[in-house]
Amino acid sequence: MPENRMAELQEQDKRIQENLNVIKNRLVVFSGKGGVGKSTVAVNLAYTLIQRKMQIGLLDADITGPNIPQMVGASGQPEMFGEHQLLPQVKDKLRVMSIAPMIPQDQPVIWRGPLRSGTISQFLADVFWDELDILIADLPPGTGDEVLTVSQKMLPRIAIIVTTPQEVSLLDCRRAVNMAKKLNIPKIGVVENMSGLICPHCGEEIDFFGSGGGEEMAKSMEVSFLGRIPMEKISRECGDAGTPVVLKYPESKTARAFTLIAQNVIELL
Ligand SMILES: Nc1ncnc2c1ncn2[C@@H]1O[C@H](COP(=O)(O)OP(=O)(O)O)[C@@H](O)[C@H]1O
Ligand SMILES: [Mg+2]
């Protein structure tokens, strides 16, 4: 690597440390598999913590599938702050940073790993989050570059690993737990999402994907189990509409599940 590039990166790492210094806690959400509900968990956990009067930032670190602005209903562009910094978008008190508003809609982000990681590093160095209780990073699925970059640069205190109850998801979840262990993330917690389906007609719970596998796995791998979230139609509808379910339906089973998970997260911290 050329010497000046090396110096640039060192300078950036210094800026990241300074920038994140005013943030009390950092947390990452990832999974072994796509579509298991990472972004849903990141968004609804963020708002549940905001309901407990905490200042929360959410970094969309899924560069090729940035869904957070859509899921929280944030629109517009992030603004500049001073000469070098970007201000996160704010939606219902949540501070959000994503690449989504900066790329044309429907266009794929065809970037190799280093470019994706570079963008995340830039967000960590140059976004003015201000003082936060927790910065949450929503990661892409799997155990690739972004997970490495975020873990090494953001130094998260907690990794939340989301799984669904099926054996194929649990298998990948074990890999993700082991990755978090290898990266020396101090606390690891598993969330079992889509655990039981709430019938939209009668409200009864149907054992659709099964349930309990996440808790058993967490126990056997000696990590914390943070809770289970049912599969509920309103949850998906709210995600699509950009009105997070815990805000729109605070009495729902899903919202109650997030209250428990938030408590467990606070205890882990
Ligand atoms: N518990 C749930 N109940 C209903 N729909 C859910 C639930 N969890 C996730 N979904 C839906 O499943 C889809 C994938 O979830 P998402 O959070 O985007 O997953 P990931 O970030 O892991 O790819 C979204 O449409 C989301 O609304
Ligand atoms: Mg996602």
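Predicted model: local features only at pLDDT ≥ 70, side-chain atom pairs only at ≥ 80, totals over all residues.

Q: Ligand first. How many residues surround ligand 1, and which are the closest?
A: There are 17 around ligand 1. The closest are Gly37, Lys38, Ser39, Thr40 and Gly239.

Q: Which elements give two or more residues to that shell?
A: Helices α2 (38–51) and α8 (233–241), plus strands β9 (187–198) and β11 (224–231).

Q: And how does the shell divide into nonpolar, polar and charged?
A: The shell around ligand 1 has 10 polar residues, 4 nonpolar and 3 charged.

Q: Switching to α10. What span should the helix have, and what is the distance between its end C-alpha atoms?
A: Helix α10 covers residues 253–268, which is 16 residues. At 1.5 Å a residue they should span 22 Å; the end C-alpha atoms are 23 Å apart, so the two agree.

Q: Which of its residues are buried?
A: In α10 they are Thr254, Ala255, Ala257, Phe258, Ile261, Ala262 and Val265.

Q: Where do those fall, seen down the axis of α10?
A: Within an arc of 150°, so the buried residues line one face of the helix. An α-helix has 3.6 residues a turn, so residues three or four places apart point the same way.

Q: What does that buried set pack against?
A: The buried residues of α10 pack against α2, β8 (158–163), β9, β11, α8 and α9 (245–248).

Q: Last one, methionine 80. Buried or exposed?
A: Methionine 80 counts as exposed, because it has 12 C-beta neighbours inside 10 Å. Methionine 80 sits in strand β3, residues 80–81.

Technical notes
Residues numbered from 1 in each chain as written. Chains lettered and ligands numbered in written order. Helix = DSSP H or I, 4+ residues; strand = E, 2+ residues; numbered from the N terminus. Buried ≥ 20, exposed ≤ 12 C-beta atoms within 10 Å, placed from the backbone. Near = placed C-beta within 6 Å. Nonpolar A, V, L, I, M, F, W, Y, C, P; charged D, E, K, R; others polar. Expected span 1.5 Å × (residues − 1). Arc of directions from axis to C-beta. Contact = placed C-beta atoms within 7 Å.
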